[in-house]
Amino acid sequence: MQKQAIFQSKLLPYVLVAPQLAIVLLFFYWPALQAVIQSFLLQDAFGLSTSFVWFENYLDLFREPAYFEAILRTFFFSFAIAVSSLSFALLLAVMADKPLRGSMLYRTLLIWPYAVAPPVVGVLWIFMLHPSLGVIARYLRALGIDWNPLLDGDQAATLIVLAAAWKQISYNFLFFLAGLQSIPRSVLEAAAIDGARPMRRFWTVTFPLLSPTIFFLLVVNIVYAFFDTFGIIDTMTRGGPGKSTETLVYKVYSDGLLGGNLGSSAAQSVILMVMVIVLTGIQFRFVERKVTY
Amino acid sequence: MGSLLLPCSLVTPYSPLPIRYSLVQHMANVTLRNVRKTYLGGFEAIKGVNVDVGDGQFCVLVGPSGCGKSTLLRMVAGLETVTGGEIDIGGRVVNQVEPADRDIAMVFQNYALYPHMSVYNNMAYGLRNRGMAEAEIKTRVEEAARVLELSPMLERKPRQLSGGQRQRVAMGRAIVRQPKVFLFDEPLSNLDAKLRIAMRVEIRKLQRRLNTTSIYVTHDQLEAMTLADILVVMNGGQVEQVGNPLAIYEKPATTFVASFIGAPPMNLMSTRPEEIRSQLAGSAAADAGILGIRPEDFVITDQTPAGGVALPLTVEAIERVGAETFVYGSREQEEQRVAATPGELPPGEIIVRIPGTEAPAIGAKIRVAAVRTKLHLFSGDGRTRLEA
C-alpha cells in the first residue's frame, strides 16, 4: 500500500492546500496573533494612545482576586456540566439501548436538542424558569421554594448548569449509544451466565468497556463548558447577578467589549488559548492512543 | 498469523496430567421435552424438540445454518425464552430460571472474553460473582490454567493472546465454575484448520476427564461425528435424527440426514427409472422412492452383485486427494430430480470414492456397483427410511 501520493508538478500540492491554509491563517492564526500582540498593549480610556507594557496586563490579571474567582467558577461550571450531562446521557443511552418498540423514534427525539443553538437554549430555559414568566418557576414557588435566579447567584448558576448540560446531553447520548452498541452482546451474555446481576454487569463490564468513550466525552464536555456556554450565559444571566455566572469566556467579553479594557481582555484570551491547547493535547495523547482497558 | 508461529504446545494434545479433585464436576442430565420457540412475528424457530442427554454425555447438535441449533443451545443457557415445552437440567425444570442460576457454563463462538480483564480475572469473574473466597478462587483458576497450559499467561489481557489461547481461556472460564453442564456454541469456527483439529481433540479429552455433561453446536459434520456420544441432526427447527454418530451414518433416517452426514455426501437417486427399478425388483425396496448409496460403497466392476445395484457412468471429473480419489460420473438416463437438500449433488451426478490414486480416464465409460447391504432406501418424500 502506497500512502504517499506522487505529483508530477512540484507546485500542484501547494496550490491544492492553499485555500485551506488561507482560511486557517486568516481566521485562526491572524486573530490569535492579534490577541497576543494586544495582550502586551495598554490603551488609554479614549483609545488615543497605546503603549507597550510587556506582561503588565497578565500581572494585573493575576493580582485581581476576581480573575481567580472566575477561574474557580469556570472549573466548577465545567465539572458540574460535564458530570451532570454525562451521567444523564449515559442513563438515557443505557435505557435506549434496550430492544424496545419504537426505539428508533425516541432515539431520534433524544438527538434533536443538539440542533438547537445555545442562545435559543438559553431563551427556552428562561421561559420555563423566569421568576415572573416561567412555567416551572410558578410550581417551584408553589412548593415553597424562593425561586429567583435574577437575584440569587446560586440559583442563577444552577440555571446555567441545567441549560448547558441539557444541550450537551444529545451529543453525549449519541456517543454513548454508539459505544454501548459496539460492546459485543456475547460478552454481556457471558457475564450473565457468570452470575453477574444487571447492576454488577453494568459496573464491571459495560462501564469499563465504555471508558474510552467516557474519556473522550469528558474532554469534549469540558471544552464545551469552557467556551460554548457563552451564548447560554449571555441570553440567560449576562454573567449576573453580580458576577455569579461570569465564566472566563464571558469575562473576556465583558472586560473587553463592555469594559473597554482590550489589553486585559486579550491577555485573558491568550490564557484561554493555552488552556485549549493543553486540553486538546491531552485528548490527542490519550484518545489517539485509545484508553487501554 | 500463520500457525507456524504458534508455540508447539498449541498444536500438540495435552499430556495426560491428573486432574485434582478441585476440578471434579457435578453431574446432571439434560432433557428437552417438546421444546418450542416461536418469535413474536409468528416465525417458528424450534418446532418441538425432544432430546435426552445422560450424565457426562457429549451431545452434538448439528445442522445447516438457520436450522435452529444455536437457538436451541441458547434456550438451554437461558439466553432465549422458551415458548413451549420444558428444559430440564439435573431434574429441575429451568424454563423460568435465570442463566446465572442454571449451573451451566458456555463457550461462545467469538470466545466473549472480557477484554479489559486479565486471563486470571476472566476466569475468576464468575467465581467472584458467586462470593467465593479469594483463596479458593486462586486454587481453582491455577488448576484450570495448569490443565489448559495457560499458567504463564495469567496476567495477560485477551488481546495479547492468539486465537487458540483465547479459546483456552474461554474453556478455562467454563471449567473453573464446575458447572453441571457445558454448552459450546461453534467454539472452533474462528480457528484455522490445523488448530481446529487440535482443539477438537483437546475438547473431547477434557470432557472425558471432567466427565461433565456437554452440549455442543456445530455445522461441521466431521466435528459432529468425532465429538459426539449422541448426535442430534437438525433441519428447519426439527430434529431429523438422534443417536450414536456411527449408527446415524450407517442408517440415516431421512434423505436429509443421509446427505448431511458423510463427506462427500451420499448419492441419492430416484428409483423410478426402469434401469434401477428392475434391479430392485422382488423386494420391498421396489416401492421405495429414493435410493441412496454412499460414494465409498461403490466399486468399479463389470459384475453385478446379487441383489445389489450397478450403474453405467461416464467419467466427468477426477479429484485425487492422496489416500483416496473421487470420481465424478454422470448417468445417461436421468429423468427424475430428487428434492434438493443441502450438500446434494446435481441430479444425475454420482460420486464414487476409490482408494489410492488409480482412476479411470476422463470421458471413460465405467460401471459401478454396490452390494445389497449398502443400499439405503427412502420413501418418495425422503422422510422415511425403508428397510430392504
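A:L210 counts as buried because it has 22 C-beta neighbours inside 10 Å. The model discussed here is predicted. A:L210 sits in helix α9 of chain A, which covers residues 198–228. Set aside the neighbours within four places in sequence, and A:L210 is in contact with A:G179 and A:L180. A:E64 is 146 residues away from A:L210 in sequence. In space, the C-alpha atoms of A:L210 and A:E64 are 42 Å apart.

**Chain A**

Chain A holds 12 helices and two strands. Read from the N terminus, the order of elements is α-β-β-α-α-α-α-α-α-α-α-α-α-α. The C-alpha atoms of chain A fill a box of roughly 75 × 75 × 30 Å along the principal axes. Of the 293 residues in chain A, 30% are buried, and A:L210 counts as buried. Take the contacts in chain A between residues at least 6 apart in sequence: 68% of these join residues at least 24 apart.

How confident is the predictor in chain A? The mean pLDDT is 81, and 94% of the residues of chain A reach 70 or more. Confidence is lowest in strand β2 of chain A (residues 50–52), with a mean of 72. Confidence is highest in helix α8 of chain A (residues 185–193), at 91.

**Chain B**

Chain B has nine helices and 19 strands. Buried residues account for 42% of its 388 residues. Among contacts in chain B with a separation of 6 or more, 70% are between residues 24 or more positions apart.

| Helix pair | Residues | Axes come within | Crossing angle |
|---|---|---|---|
| α2(B) and α3(B) | 119–129 and 134–147 | 10 Å | roughly 135° |
| α4(B) and α5(B) | 163–176 and 193–210 | 11 Å | roughly 15° |

Start with α2(B) and α3(B). Their axes cross at roughly 135°, so the two helices are oblique to each other. α2(B) passes α3(B) in a right-handed crossing. On the α2(B) side, the contact uses B:Y120, B:M123, B:A124, B:L127 and B:R128. On the α3(B) side, the contact uses B:I137, B:R140, B:V141 and B:A144. By class, the contact of α2(B) with α3(B) has seven nonpolar residues, no polar ones and two charged.

Now α4(B) and α5(B). Their axes cross at roughly 15°, so these helices are roughly parallel to each other. α4(B) passes α5(B) in a right-handed crossing. α4(B) contributes B:G163, B:G164, B:Q167 and B:I175 to the contact. α5(B) contributes B:L195, B:M199 and B:L210. The residues in the contact of α4(B) with α5(B) divide into four nonpolar, three polar and no charged.

**Where the chains meet**

How many residues does each chain bring to the contact between chain A and chain B? Chain B gives 17 residues, and chain A gives 15. Within chain B, β6 (104–107) and α2 each supply at least two residues of the side that touches chain A. Helix α2(B) also makes the contact with α3(B) described above. By class, the side of chain B that touches chain A has 12 nonpolar residues, four polar and one charged.

Conventions: Residues are numbered from 1 along each chain as its sequence is written. Chains are lettered from A and ligands numbered from 1 in the order in which they are written. This is a predicted model: local features need pLDDT of at least 70, side-chain atom pairs count only at pLDDT 80 or more; totals for chains, interfaces and linings use all residues. Axes are lines fitted to C-alpha atoms, for helices over the stretch in contact, and angles run from 0 to 180 degrees between N-to-C directions. Helices (H or I, at least four residues) and strands (E, at least two) are DSSP runs, numbered from the N terminus. Angles under 35 degrees count as roughly parallel, over 145 as roughly antiparallel, 65 to 115 as roughly perpendicular and the rest as oblique. A crossing is left-handed if the near helix is turned anticlockwise from the far one by less than a right angle, and right-handed if clockwise. Two residues are in contact if their C-beta atoms, placed from the backbone, lie within 7 Å. Ala, Val, Leu, Ile, Met, Phe, Trp, Tyr, Cys and Pro count as nonpolar, Asp, Glu, Lys and Arg as charged, and the others, Gly among them, as polar. A residue is buried if 20 or more other C-beta atoms lie within 10 Å of its own, exposed if 12 or fewer, and partly exposed in between; C-beta atoms are placed from the backbone. pLDDT is the predictor's confidence in each residue, from 0 to 100.
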